[in-house]
Amino acid sequence: MRIVVTGGAGFIGSNFVRYVLGEHAADEIVVLDKLTYAGNLDNLRDVAGDPRYSFVQGDICDPAVVDRVAAHCDAIVNFAAETHVDRSISGPDDFIRTDVIGTHVLLEAVRAHGVGRFVQISTDEVYGDILAGASVETDALRPSSPYSASKAGGELLVLAYRRTYEAPVVITRSSNNYGPFQYPEKIVPLFVTNALDGQPLPVYGDGRNVRDWIYVDDNCRALDLVLREGRDGEIYNVGGGNEVANLDLTRGILAELGLGEELVRYVTDRPGHDRRYALDCGKLRTTLGWEPQVAFAEGLARTVTWYADHRDWWEKIKSGEWRRYYERQYRDLAI
Ligand code: NAD
Ligand code: TYD
């Protein structure tokens with residue numbers, strides 16, 4: 001199978017590329033990525049010499065480049081997105097452009113070239129927060145942030161293309177991923193790398209917001225299954241089944257590093273901060289036989305060790321654009 005992976009130079013995309021090349025000897029992958037601040041060819045360095053892999057730098061909002069790569073592929077897996085909630089609050093424009101309009105450009109190419117499968121990578125954040133129970137795929141969408149609203153907009157277009165044009169689409173909604181190669185703006189890599197440098201860990205609000213954490217390899221395995229065996233038009237929740245409050249996550253990271261709580265700082269809460277997400281993944285389990293394999297404690301230990309062993313990777317990132325963003329976002333820490 002020849003697969004176009006958009007956003008393949010980002011966190012989950014690069015892990016997915018590595019996973020597919022490792023599992024499917026006959027597959028070829030073309031990564032289409034704009035290389036925004038979050039895209040990084042270092043994430044793909046270990047596959048760069050593989051003859052089954054190629055890279056095209058381009059924007060999913062640009063129909064010319066999308067047309068070129070879509071013309072000769074069997075499937076498109078769309079990871080390309082603006083992904084950070086805090087950045088969507090300070091500047092939503094790029095989110096609407098990439099996550100909604102970019103998805104539309106890809107869907108048009110699917111139609112024009114008769115691409116056999118389109119996988120839209122979405123998020124549990126489209127459900128909005130839920131204080132009790134777990135979201136199922138048929139629940140209403142109630143996004144809270146410009147990020148999650150843009151992802152919901154992209155999804156709605158995907159579903160409309162299914163209904164109207166019978167496009168061969170599937171959607172996954174995963175919970176919070178963690179693991180190697182995650183840009184250090186998200187809580188896990190930010191807190192691990194800050195702690196390694198003896199810098200403060202800025203906990204928003206009361207630290208009691210809950211996320212369900214999935215190790216990135218477990219998500220990649222689910223995505224690969226959905227790509228090959230998912231039913232057209234279906235939506236699949238993909239969660240790790242690990243509901244953890246941010247403060248407990250923070251303590252877990254510090255414990256892995258043998259540190260106490262001295263670095264913890266409570267800072268101003270994120271506007272509109274979703275309190276809790278939780279996913280019911282019964283559909284993926286029963287229809288495709290997927291189960292997460294990495295226990296949270298094991299995944300967190302592996303992840304902390306990876307960042308401790310890959311200072312060269314994140315020290316390069318934590319300069320330039322990252323530093324300007326950090327100083328803007330975490331003004332409280334300067335007081
Ligand atoms: P990321 O921010 O690490 O990477 C995004 C990638 O997309 C980058 O390589 C970037 O250069 C590329 N990109 C951005 N705009 C582009 C454009 N216009 N054209 C082409 N490429 C572009 O993101 P991630 O955490 O790997 O997330 C991947 C996908 O998974 C996203 O769609 C996100 O919404 C979804 N998701 C992520 C999580 C999570 O916990 N990280 C959870 C659920 C869903
Ligand atoms: P994040 O990693 O940004 O993912 P998302 O907002 O998509 O779930 O945040 C995860 C949780 O951690 C969320 O409740 C916000 C919180 N958080 C902090 O408390 N401090 C931080 O510096 C960051 C980035 C996040």
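Tutor: Before we start, a helix here is a DSSP run of H or I of at least four residues, and helices are numbered from the N terminus. Please keep in mind that this is a predicted model.

Student: In which helix do D224 and R228 both lie?

Tutor: D224 forms a salt bridge with R228, with the closest N and O atoms 2.8 Å apart. The two residues are four apart, which is about one turn of the helix, and the element that holds both of them is helix α7 (residues 216-229).

Student: Which residue in helix α11 does D42 pair with, linking distant parts of the chain?

Tutor: The side chain of D42 meets that of K316 in a salt bridge, at 2.7 Å from N to O. D42 sits in the loop between β2 (28-33) and β3 (53-57), and 274 residues separate it from its partner in helix α11 (residues 311-317), which is K316.

Student: What is the N to O distance in the salt bridge of R45 and D42?

Tutor: D42 is buried at 17% relative accessibility, while R45 is exposed with a relative accessible area of 57%. K316, which also forms a salt bridge with D42, is likewise exposed, at 53%. For the side chains of R45 and D42, the N to O distance is 2.5 Å.

Student: How many salt bridges does a search of the whole structure find?

Tutor: In general, side chains of opposite charge can pair when their charged atoms come close. One network of such salt bridges links R87, E185, K186 and E321. For the whole structure, the search finds 29.

Student: Why is C61 not in a disulfide, and how many disulfides does the structure hold?

Tutor: A disulfide requires a pair of cysteine sulfur atoms within 2.5 Å. C61 is buried, with a relative accessible area of 14%, and its sulfur is too far for a bond because the closest cysteine sulfur, in C73, is 18 Å away. The number of disulfides in the structure is zero.

Student: Which cysteine holds the sulfur closest to that of C281?

Tutor: C281 counts as buried, at 6% relative accessibility. The closest cysteine sulfur lies 15 Å from that of C281, too far for a bond, and it belongs to C220.

How values were computed. Residues are numbered from 1 along each chain as its sequence is written. Chains are lettered from A and ligands numbered from 1 in the order in which they are written. This is a predicted model: local features need pLDDT of at least 70, side-chain atom pairs count only at pLDDT 80 or more; totals for chains, interfaces and linings use all residues. Side-chain values use heavy atoms; hydrogens and water are left out. A salt bridge is a side-chain nitrogen of Lys or Arg within 4 Å of a carboxyl oxygen of Asp or Glu. Buried means under 20% relative accessible area, exposed over 50%, partly exposed in between (1.4 Å probe, protein chains only).
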